[in-house]
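User: I'm new to this one and would like a walk through it. Could you take my questions one at a time?

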Amino acid sequence: FKCTKDKSQVCYNCFDYCSKCKDIFSVKNLQKTRKTNKLYCSTHIMKCDSCNGLMGPDELKVCSATGMKVCSCTTFSNCSLCEQEYSTRSLKDSKCIACLSLKEEVNQKLISVIERKDSRFKRTKKWFTGKNKLNDVVVAKGLLSDMLFVIKDNKVIYEKKLSLFNKLKGY
């Protein structure tokens, strides 16, 4: 057998497979994850941004509020307004950074994403936007109710109608 990384000869007892790409590697060119003890090559092993422990791609979770790539050392909770999942440490008063910082702003790039999805919003005059590291929250203000959109990579990934009650108590 030959190691995929350095092309060295490996005996039957000195090789193993990367849990992701399934290529053969010398055991010295594989690393074990902290939580699951799976083996990964240098291409597929990564460090957790929170605890610095080694993790594989199947253990990875990304917080859209901070952009941090973390393992199971980090807990996740849903934002009470946009209902997206974020690392619990990134939430304040149970809201994500974007929902906490909603402000009246006309961001034509984000608005056009919403208008392409639903042309009825071309008549909307008042928009509130907030930004996380990896997604945006946009609220289209209406007369009796508002509509909340979560946009990631120029696509609406979530939308919900905000009731008059929500509107009266404020965001």
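Predicted model: local features only at pLDDT ≥ 70, side-chain atom pairs only at ≥ 80, totals over all residues.

User: Let's start with a turn. How many residues sit between E14 and E15 in their hairpin?

Analyst: E14 and E15 form a hairpin, and Asp-153 in its turn has a positive phi of about 50°. The two strands pair in the antiparallel sense over seven bridges. The number of residues between them is two.

User: Which residue in E15 is the bridge partner of Lys-152?

Analyst: E14 covers residues 146-152, and E15 covers residues 155-162. The two strands pair in the antiparallel sense. In E15, the partner of Lys-152 is Lys-155.

User: What is the strand order of the open sheet?

Analyst: Five strands make up this open sheet, and their pairing is antiparallel. At the edges are E11 and E15, each of which pairs on one side only. Read across, the order is E11-E12-E13-E14-E15.

User: Which residue in E12 does Lys-103 stand opposite?

Analyst: E11 is an edge strand made of residues 103-104. Two bridges join E11 to E12, and the strands run antiparallel. Opposite Lys-103 you'll find Thr-129.

User: Moving along the sheet, which residue in E14 does Val-137 stand opposite?

Analyst: Val-137 also stands opposite Gly-130, and five bridges join E12 to E13. E13 and E14 pair in the antiparallel sense, again over five bridges. In E14, the residue opposite Val-137 is Val-150.

User: Why is E12 described as largely enclosed by the rest of the structure?

Analyst: E12 forms a hairpin with E13, with four residues between them. The buried residues of H2 pack against E12, as well as against E13, E14 and E15. E12 counts as largely enclosed because the number of its five residues that are buried is four.

User: Which residues of helix H2 are buried?

Analyst: H2 runs through residues 108-117. Its buried residues pack against E12, E13, E14 and E15. They are Leu-110, Ile-111, Val-113, Ile-114 and Glu-115.

User: Is Asn-135 buried or exposed?

Analyst: Asn-135 lies in the loop between E12 and E13. Not counting residues up to four places away in sequence, Asn-135 touches Ser-64, Tyr-86, Val-150, Ile-151 and Lys-152. Its relative accessibility is 2%, and the cut-off for buried is under 20%. So Asn-135 counts as buried.

User: Which side chain does Asn-135 reach with a polar contact of 2.7 Å?

Analyst: A polar contact of 3.2 Å joins the side chains of Asn-135 and Tyr-86. The side chain of Tyr-86 also makes a polar contact with that of Asn-132, at 3.2 Å. The 2.7 Å contact joins Asn-135 to Asn-132.

User: What is the relative accessible area of Tyr-86?

Analyst: Tyr-86 is found in strand E10, residues 85-87. Not counting residues up to four places away in sequence, Tyr-86 touches a list of residues including Cys-63, Phe-76, Leu-91 and Cys-96. Tyr-86 is buried, with a relative accessible area of 0%.

User: On to charged pairs. How far apart are the closest N and O atoms of Lys-38 and Asp-58?

Analyst: The structure holds seven salt bridges, and Lys-38 forms one with Asp-58. This pair links distant parts of the chain, 20 residues apart, with Lys-38 in the loop between E3 and E4 and Asp-58 in the loop between E6 and E7. Lys-38 counts as partly exposed at 34% relative accessibility, and so does Asp-58 at 46%. The closest N and O atoms are separated by 2.6 Å.

User: Which residue forms a salt bridge with Glu-159?

Analyst: The closest N and O atoms of this pair are 2.9 Å apart. Glu-159 is partly exposed, with a relative accessible area of 31%. Its partner is Lys-117.

User: Last one. What is the accessible area of the nonpolar patch formed by Leu-143, Leu-144 and Leu-164?

Analyst: Leu-144 lies in the loop between E13 and E14. Leu-144 is exposed, with a relative accessible area of 60%. Together with Leu-143 and Leu-164, Leu-144 forms a surface patch with an accessible area of about 360 Å².

Conventions
Residues numbered from 1 in each chain as written. Heavy atoms only, no water. Patch = residues over 30% accessible without salt bridge, like charges linked within 9 Å, V, L, I, M, F, W, Y side chains within 5 Å. Areas by Shrake-Rupley, 256 points an atom, 1.4 Å probe, with all protein chains shown as cover. Salt bridge = Lys/Arg side-chain N within 4 Å of Asp/Glu carboxyl O. Buried < 20%, exposed > 50% of the residue type's maximum accessible area, 1.4 Å probe, protein only. Polar contact = N/O pair within 3.5 Å; in protein donor to acceptor, adjacent residues only side chain to side chain. Contact = heavy atoms within 4.5 Å. Pairing = 2+ DSSP bridges.
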